[in-house]
Amino acid sequence: MSRWSVLAFHGWGWSAASWQPWQDWFRAQGADFWAGDRGYWGSPQLDWPALGDRLWLLTHSWGLHWLPKKLVARADCLICWGGFTAYHPEREPARSQSQQALAQLRDAIASDPLAGLQGFYRQCYRPQTAPELPAITLDRDRLLADLEQLDRSQLAIEPLLRIPQRLVLHGESDRIVPIERAQTLIDQLQPTAWKFWPRQGHALPVTAIADCQAWLQGVLAE
């Protein structure tokens, strides 16, 4: 019997826990599910288990950029939420404004990691309300190091184009990755299907779970 593996990669400032509802959903359909974790709090989870005959990759935001190349080469399906080719836009003054905002986030994390991350989550969840983070101990150095990578991010598109199914979902009200940058990703990634979600922000995979699942089922059943 063939096995189906689904591997998930979260964005900056998030954790594997954000994929829990998706883990339940995919496992109910018979998939083996694994979520990577950068280790911003708790232990990193970077070594995936043995893969099945089918491989699906889920990414949120910067998760698209830390996908291991060997997984991309084997993948049958990519589902991307809130993705981008480069974190900063190419044109001014939008580029300088984006760089300034990231520098402010870097300063906030360096000064008070928990307060800085809570502020970031508020922006991610808008127009919804972000939950209050518990008093977790954060790995300030890892958060800052990954912010530096985010600052220089440039997606290698060509390997992704070899994945047979490529799906893009993006919130129209995303304040972290504005819709213009999502359109750039769509133009380059040439997804087999994509959807902009009204009244949703950057936290789309956790604020519109049922709607996203219904759309995915419809698209993948075609």
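These legends describe close-up views of a predicted model.

**View 1. The open sheet.** Six strands build this sheet, in the order S2-S1-S3-S4-S5-S6. Their pairing is parallel. Strand S2 (32-35) and strand S6 (193-197) are the edge strands, and each pairs on one side only. From one strand to the next, the twist averages 10°.

**View 2. The pairing of S3 and S4.** Strand S3 covers residues 54-60 and strand S4 covers residues 77-81. Five bridges join them in the parallel sense. Thr 59 stands opposite Cys 80 in S4.

**View 3. Two helices on the sheet.** Helix H1 (residues 20-28) lies across S1, S2, S3 and S4. Its direction is at about 165° to S2. Helix H7 (residues 179-189) lies across S4, S5 and S6. Helix H7 runs at about 170° to S5.

**View 4. A salt-bridge network around Glu 148.** Arg 106, Glu 148, Asp 151 and Arg 152 are linked in a network of salt bridges. Arg 106 pairs with Glu 148, their closest N and O atoms being 2.9 Å apart. This pair links distant parts of the chain: Arg 106 sits in helix H3 (residues 94-111) and Glu 148 in helix H5 (residues 140-151), 42 residues apart. Arg 152 also forms a salt bridge with Glu 148, at 3.9 Å from N to O. Glu 148 is partly exposed, at 30% relative accessibility. Arg 152 is exposed, with a relative accessible area of 59%.

**View 5. The salt bridge of Arg 142 and Asp 139.** The two side chains meet at 3.9 Å, N to O. Arg 142 is partly exposed, at 28% relative accessible area. Asp 139 is partly exposed too, at 31% relative accessibility. The whole structure holds seven salt bridges.

Definitions and conventions: Residues are numbered from 1 along each chain as its sequence is written. This is a predicted model: local features need pLDDT of at least 70, side-chain atom pairs count only at pLDDT 80 or more; totals for chains, interfaces and linings use all residues. Side-chain values use heavy atoms; hydrogens and water are left out. Two strands pair if DSSP finds at least two bridges between them. Helices (H or I, at least four residues) and strands (E, at least two) are DSSP runs, numbered from the N terminus. Axes are lines fitted to C-alpha atoms, for helices over the stretch in contact, and angles run from 0 to 180 degrees between N-to-C directions. Contact means heavy atoms within 4.5 Å. A salt bridge is a side-chain nitrogen of Lys or Arg within 4 Å of a carboxyl oxygen of Asp or Glu. Buried means under 20% relative accessible area, exposed over 50%, partly exposed in between (1.4 Å probe, protein chains only).
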